[in-house]
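Hi,

Here is the structure I promised to pass on.

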Amino acid sequence: MQSKDLDQFHKECLILGVIMTPIGAGLMYWDYEYHFNNFFHMGFGGITYLIGFNLLLFWLASLFVNTWIYKVFLPFYTYCSRHVTSIYLLHWVLICWGMAIIGYQTMDQLQTLG
């Protein structure tokens, strides 16, 4: 895809997201039970809101790709994606050993996070 076409696509994502998100939010505010009460059986308002919100996130992601933050952290993201299984197993080992050392349900949430 040409860079000009890609920029136009991202601009259209922004415009549609700005239009669809408030329409969906307004419909959900008007009748939440119908439009968003059940995630698997949403009405038009919930669907419109989520599509608009995702289009806005897509536009934000396109801005993020063009920043220096992305270029600095790309090697870290690549490393994590290559070693996701090892990281997952390691973090569960740390959690389980942490429960054995610190205790289970002996502290409140703030103490546990600390």
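This is a predicted model: local features need pLDDT of at least 70, side-chain atom pairs count only at pLDDT 80 or more; totals for chains, interfaces and linings use all residues.

Phe73, Phe76 and Tyr77 come together as one aromatic cluster. Within that trio, the rings of Phe76 and Tyr77 have centres 6.2 Å apart and planes at 50°. Tyr77 itself is partly exposed, at 39% relative accessible area.

The helix around there is worth a look too. Helix 4 covers residues 68–82, and it bends by about 45° at Leu74, with a proline, Pro75, following within four residues. What about its length? With 15 residues at 1.5 Å a residue, helix 4 should span 21 Å, and the 22 Å between its end C-alpha atoms agrees with that.

Back to the rings: how many aromatic pairs does the structure hold? There are five. One of them is Phe9 with Phe58, whose ring centres sit 5.6 Å apart with the planes at 75°, so this pair is edge-to-face. Phe9 belongs to helix 1 (residues 3–30) and Phe58 to helix 3 (residues 44–65), so the pair ties together parts that are 49 residues apart in sequence.

Cheers

Conventions:
Residues are numbered from 1 along each chain as its sequence is written. Side-chain values use heavy atoms; hydrogens and water are left out. Rings of Phe, Tyr and Trp (its six-membered ring) pair if their centres lie within 6.5 Å; planes under 30 degrees apart count as stacked, over 60 as edge-to-face and the rest as tilted. Helices (H or I, at least four residues) and strands (E, at least two) are DSSP runs, numbered from the N terminus. Buried means under 20% relative accessible area, exposed over 50%, partly exposed in between (1.4 Å probe, protein chains only). The expected span of a helix is 1.5 Å times one less than its number of residues. The bend at a residue is the angle between axes fitted to the seven residues ending there and the seven starting there.
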